[in-house]
Amino acid sequence: METTPQFFRHGPGPFARLLVFVFLSCLLIAEDLRFKYFPELRQTIGAVIFPLQKIAYIPTHIYDQIEESIASFYLLEENIKFRQQYLEDREQLLKLRALEAENTQLRKLLGAVQQIETNTQAKAVLAEILQTPRDPFSHKITLNKGGYHNIQLGQAVIDDKGIVGQITRLYPWSSEVTLLTDKNHSVPVQVLRNSLRSVVSGTGKNDELELRYLSVNIDIQQGDLLITSGIGGVYPPGIPVATVLRIERDPTDDFAQIISVPIAGVDRNRQVLILSLVQPVPDDPLEMPKIESQKN
Amino acid sequence: MNHRKTRDNNLNANDYFRQDVHVPPSSGYIAISLTIALILNFLPLPENILLFRPDFVAITIIYWGINHPHKMGMSIAFGMGLMMDVGNTTILGQHALAYCIAIYLTLILGRRLRIFNLMQQAPQIGLILLVMQTVIILVAVLGGAHLPGWQYLFATATGILLWAPISLLLSTPLKQKSDLNAL
């Protein structure tokens with residue numbers, strides 16, 4: 001009978017089993033932290049729990065729909081507001097195109113190195129942040145677009161205010177974005193005010209980024225806006241990243257301690273844009289004059 | 001002569017015999033309860049409520065580990081931990097390790113815990129949950145994260161509070177319905 005309990009349990013005792021599983025877990029932890037040999041393992045488990053996550057998301061869907069149907073009373077006013085916003089943004093965009101053309105012209109005149117082709121017509125994919133429970137230790141968020149929607153690893157993710165992060169893991173129907181504040185994440189930036197180039201890195205704490213390896217007497221002030229410089233080819237240039245919060249200059253230290261706050265937010269109901277991959281910077285500097293002469 | 005009734009405030013034989021006889025659960029019932037716990041763990045919640053959410057999967061695993069240890073083995077706990085890790089974008093193996101250690105403590109202390117009633121079990125379960133959360137924090141710090149504030153341990157506190165209701169919920173379908181007309 002199935003319900004007869006086993007009085008004499010055969011097999012390894014609990015402590016031996018614990019040791020086996022502890023060893024296995026430590027292997028997995030080490031593999032996930034350092035080596036990353038088996039990304040397929042995560043994919044398969046992700047495929048298994050995907051229906052459960054879908055079910056868990058149903059109450060939020062219902063809540064959103066109720067919210068929308070209540071908010072639809074104000075749709076007309078919102079529409080008018082968005083039309084106005086669109087027209088203003090459009091005007092700025094046209095000005096930007098004109099400025100870009102003038103910029104390339106001036107650069108050619110000065111004989112400066114040809115800049116990376118800025119993709120103002122870059123295709124961007126709209127995605128929504130899935131409100132999956134975020135571990136307080138990992139600085140990653142999940143989006144609802146994945147490999148099935150032609151998303152690739154390494155694409156930059158922005159919201160309406162600034163950079164959110166970069167796509168680091170792909171599942172078929174969702175993707176994971178590493179936020180700016182992750183400890184292993186850095187963005188090449190430049191200060192808007194004086195074009196000082198640097199790199200801003202995550203600290204692992206929420207809402208804190210730091211600028212490392214800048215000397216103590218560097219020209220930087222509280223409230224400075226940091227934008228992407230485009231170096232490195234991952235993030236397109238000119239997108240706001242953070243504002244400087246506080247600067248500690250200790251003359252005995254080699255470097256100043258500069259803490260900045262990221263501009264983008266990761267609250268719920270945020271829609272984000274996944275930007276297409278930027279063209280890589282041409283490697284060989286000797287090739288540059290050749291390109292210029294071809295353009296002429 | 002000492003006429004004072006000696007009230008034995010500790011456990012006596014009556015407490016042990018007053019336990020209900022439960023129908024042994026089928027594997028399907030355990031599987032369904034684990035699936036529901038996993039769904040509850042994945043439920044999206046606002047940030048401030050998320051702080052108070054207990055680990056439903058851990059509580060369910062400990063419940064089955066106490067009451068039916070031969071059905072709930074360490075491999076099931078390991079598998080559930082892996083699924084939690086992938087769903088929560090944490091380090092693979094973090095929750096798996098924590099759940100295995102929790103099951104191990106449950107297997108050792110399980111027989112002792114069964115003779116307590118639910119309200120007395122709750123603090124002891126809380127201890128197991130605390131050990132589990134400490135393991136999670138340790139692994140995360142090993143991966144280079146900062147130590148969280150003390151608010152992180154709220155999940156243990158709510159786990160203690162919800163232990164009794166969840167145990168009742170899980171055991172109610174298993175109670176044998178006594179036939180009132182039987183002799």
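Modeller: What follows is a short exchange on how the chains meet, and it rests on a predicted model.

Colleague: How many residues of chain A are in contact with chain B, and what share of the buried area do carbon and sulfur atoms give?

Modeller: On the side of chain B, 45 residues take part, and they are in contact with 43 residues of chain A. The area buried between the two chains is about 3900 Å². Of this area, the share that carbon and sulfur atoms give is 74%.

Colleague: Which elements of chain B give two or more residues to the side that touches chain A, and how many of the residues on that side are nonpolar?

Modeller: Between chain B and chain A the count of salt bridges is zero, while four residue pairs are in polar contact, both residues being at pLDDT 80 or more. The elements of chain B that give two or more residues to this side are α2 (27-42), α5 (74-87), α6 (94-114) and α7 (118-142). By class, that side has four charged and 12 polar residues, and the nonpolar ones number 29.

Colleague: How are α1(A) and α6(B) oriented to each other, parallel or antiparallel?

Modeller: The axes of helix α1 (residues 14-35) of chain A and α6(B) come within 9 Å and cross at roughly 170 degrees. An angle over 145 degrees counts as roughly antiparallel. The two helices, α1(A) and α6(B), are therefore roughly antiparallel.

Colleague: Which residue forms a salt bridge with R42(A)?

Modeller: Over all chains the count comes to seven salt bridges. R42(A) lies in helix α2 (residues 39-71) of chain A and its partner in helix α1 of chain A, so the pair ties together parts that are 10 residues apart in sequence. With the closest N and O atoms 3.1 Å apart, the partner of R42(A) is D32(A).

Technical notes. Residues numbered from 1 in each chain as written. Chains lettered and ligands numbered in written order. Predicted model: local features only at pLDDT ≥ 70, side-chain atom pairs only at ≥ 80, totals over all residues. Heavy atoms only, no water. Contact = heavy atoms within 4.5 Å. Buried area = accessible area lost by both parts, 1.4 Å probe. Salt bridge = Lys/Arg side-chain N within 4 Å of Asp/Glu carboxyl O. Polar contact = N/O pair within 3.5 Å; in protein donor to acceptor, adjacent residues only side chain to side chain. Helix = DSSP H or I, 4+ residues; strand = E, 2+ residues; numbered from the N terminus. Nonpolar A, V, L, I, M, F, W, Y, C, P; charged D, E, K, R; others polar. Axes fitted to C-alpha atoms, helices over the stretch in contact; angles between N-to-C directions. Parallel < 35°, antiparallel > 145°, perpendicular 65-115°, else oblique.
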